[in-house]
Amino acid sequence: GLAVGTRRHADVRADDRHRQAVPRVPPGHPLDRRLPRLSAGDPRATHRRRGPPARAHPMTLLQASARLRDATVPLTVPIGDATHALNPLTYAWAPHAQFVERYGPSSAEAVWVGMNPGPWGMMQTGVPFGAIPAVRDYLKIDAPVEPVPDAHPKRPIEGFACTREEVSGKRLWGTIEATMGPPERFFERYWVVNYCPLVWQA
């Protein structure tokens, strides 16, 4: 699925047939990150309302991606019926970093948000909606992907050697190329990211 966030909060959905559901974590599970309820007199409740302190130097997109990568490593464990869990930001960090460094805007009119990586897209390339022909030929991203020996046997990590194609990525990047031309023109105004970088497979 794809959602485009703007000031009008418009939602665009694509490729529903290929969406992967993110399993819910039951209460009490080691991955449960629900915040505890705090009493009105607890000073932590006041801090939560006020929000975190302002940063002296805002993070770059690459720094934010690295922070997300590191923060989600402990969450990359099977849950529910899922037997395999993967984090493309670890083994496919090289092409992901290349994508962020090359196209990451300093600001954007809208952020195009996907749910989580598809098996033949970002799971292989580290790039959101990362259909391999689009990533390699249109975005000109080509960097080594580390082997993942414990990947799902039916969905191995082959990186840019994978011959399967992510349908949602083919549609998204194909439409962008047809309507906006070079990727630099698109990224002057927009950014693309996944809401969750993790993959769970049964």
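Tutor: Let's start with a word we'll need: two residues are in contact when they have heavy atoms within 4.5 Å. And keep in mind that this is a predicted model.

Student: Okay. Which residues does Ala202 touch, leaving aside its neighbours within four places in sequence?

Tutor: Asp81, Ala82, Thr83, His152 and Arg155 are in contact with Ala202.

Student: Why is Ala202 called exposed?

Tutor: Exposed means over 50% relative accessible area. Ala202 has 61%, so it counts as exposed.

Student: What makes up the secondary structure of the chain?

Tutor: Eight helices and five strands. From the N terminus on, the order is β-α-α-β-α-α-β-α-α-α-α-β-β.

Student: What share of the contacts with a separation of 6 or more comes from residues 24 or more positions apart?

Tutor: In this chain, 76%.

Student: Let's pick a helix. How do you know what span to expect for α2?

Tutor: The rule is 1.5 Å times one less than the number of residues. α2 has twelve residues, which gives an expected 16 Å, and the helix reaches 16 Å from its first C-alpha to its last. So the span is close to the expected one, by that rule.

Student: Which residues of α2 are buried?

Tutor: Ser65, Ala66, Arg69 and Thr72.

Student: Where else does α2 turn up?

Tutor: In the second largest pocket, which holds about 190 Å³ of space. The pocket is lined by 15 residues, and the closest to its centre are Ser65, Leu68, His96, Trp191 and Val193. α2 (61–72), α4 (93–103) and β4 (190–194) each give two or more residues to that lining.

Student: What classes of residue make up that lining?

Tutor: Twelve are nonpolar, three are polar and none is charged. Asp, Glu, Lys and Arg are the ones that would count as charged.

Methods
Residues are numbered from 1 along each chain as its sequence is written. This is a predicted model: local features need pLDDT of at least 70, side-chain atom pairs count only at pLDDT 80 or more; totals for chains, interfaces and linings use all residues. Side-chain values use heavy atoms; hydrogens and water are left out. On a 1 Å grid over the protein atoms alone, a cavity is a set of points where a 1.4 Å probe fits but cannot get out, and a pocket is an open set with protein on both sides within 12 Å along at least five of seven lines; lining residues have an atom within 4 Å of a point. Grid points are joined across faces, edges and corners, and a volume is the space filled by probe spheres set on the points. Helices (H or I, at least four residues) and strands (E, at least two) are DSSP runs, numbered from the N terminus. Buried means under 20% relative accessible area, exposed over 50%, partly exposed in between (1.4 Å probe, protein chains only).
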